[in-house]
Amino acid sequence: SCPRADRPARSGSTSGRHGSCSAWGRRQRRVPSLRANIANFMTKLSVNINKIAVVRNSRGGNMPDVVRAALDIERFGADGITVHPRPDARHIRYDDVRDLKRVLTTELNVEGNPIPSFVDLVLEVVPTLVPDAHDAITSNAGWDTLTNRDFLTGVAARFHEKGIRVSVFVDPDPAMVAGAKACGADRVELYTEAYAREYPAGADAALAPYLAAAEEARRQGLGL
């Protein structure tokens, strides 16, 4: 089976499963070029370990150990680890990010509001831009990449100087996706609250803006 859920991102990840092995084999014979291109099509899994840190913090001490958990997740086959250190250290802490960087062999995807302390951390350890207020429970909107173009362009340029791949968190709006490209982003991550809210009224309608945003990302040459 193929790994699922995009490395970054992590929210808004998609999944898919091929048929039986025999059906897959028949499909390969009909489309011989597919094997050569499969790396371009496969979705990759990055596991967010914030909630493991929540449990640790509520208990005190270092149980469960988030570094040990991350290493186990890598060993189980994940393509990366995602963390979101917030200013109030309610789950993943800045020191956790440093500890993870020292031991992980897959991609470390670090999300966060690019306040000065976060930018310094990213430049130190090397990672996704997610806007949130200091008191936000979770991210509640994507970047307006048009209004914030100058700011995002500057942050992306600083990260690129260190060889850091940049993903910008946006609403499922093709204009915001195109704006992320103009800011210098390498990827976009789509905010999925609207999908969750609209799904009960109709799955196709709820999915439509995400398909449009994904198509724009592909047109712009952005990862998703």
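Why does F151 count as partly exposed? The relative accessibility of F151 is 39%, so the residue falls in that class. Buried means under 20% relative accessible area, exposed means over 50%, and partly exposed lies in between (1.4 Å probe, protein chains only).

The model is predicted: local features need pLDDT of at least 70, side-chain atom pairs count only at pLDDT 80 or more, and totals for chains, interfaces and linings use all residues. Residues are numbered from 1 along each chain as its sequence is written, and side-chain values use heavy atoms, with hydrogens and water left out.

Four aromatic pairs occur in the structure. One of them joins W143 and F151: the ring centres are 5.9 Å apart and the planes stand at 40°, so the pair is tilted. Rings of Phe, Tyr and Trp (its six-membered ring) pair if their centres lie within 6.5 Å; planes under 30 degrees apart count as stacked, over 60 as edge-to-face and the rest as tilted. W143 has 9% relative accessibility and so counts as buried. Y195, Y199 and Y210 form one aromatic cluster.

Helix α4 spans residues 66-75. Helices (H or I, at least four residues) and strands (E, at least two) are DSSP runs, numbered from the N terminus. The buried residues of α4 are V66, V67, A69, A70, I73 and E74. Seen down the helix axis, they fall within an arc of 160°, so they line one face of α4. The arc is that of the directions from the helix axis to the C-beta atoms. Their cover includes β1, α3, β2 and α5. Contact here means heavy atoms within 4.5 Å. At the start of α4, a side-chain oxygen of D65 reaches to within 2.9 Å of the backbone nitrogen of V67. G77 follows α4 and has a positive phi, near 120°.

Strand β4 covers residues 167-170. S167 and F169 point one way, V168 and V170 point the other way, and all are buried. In a regular strand the side chains alternate between the two faces of the sheet. Four bridges join β4 to β5 (residues 187-190), and the two strands run parallel. Two strands pair if DSSP finds at least two bridges between them. V168 has V188 as its bridge partner in β5.

R165 lies in the loop between α7 and β4. With a relative accessible area of 41%, R165 is partly exposed. R165 and R187 are 22 residues apart in sequence and 8.0 Å apart in space, C-alpha to C-alpha.

Technical notes: A polar contact is a pair of N or O atoms within 3.5 Å; within protein, one must be able to donate a hydrogen and the other to accept it, and residues adjacent in sequence count only if both atoms are side-chain atoms.
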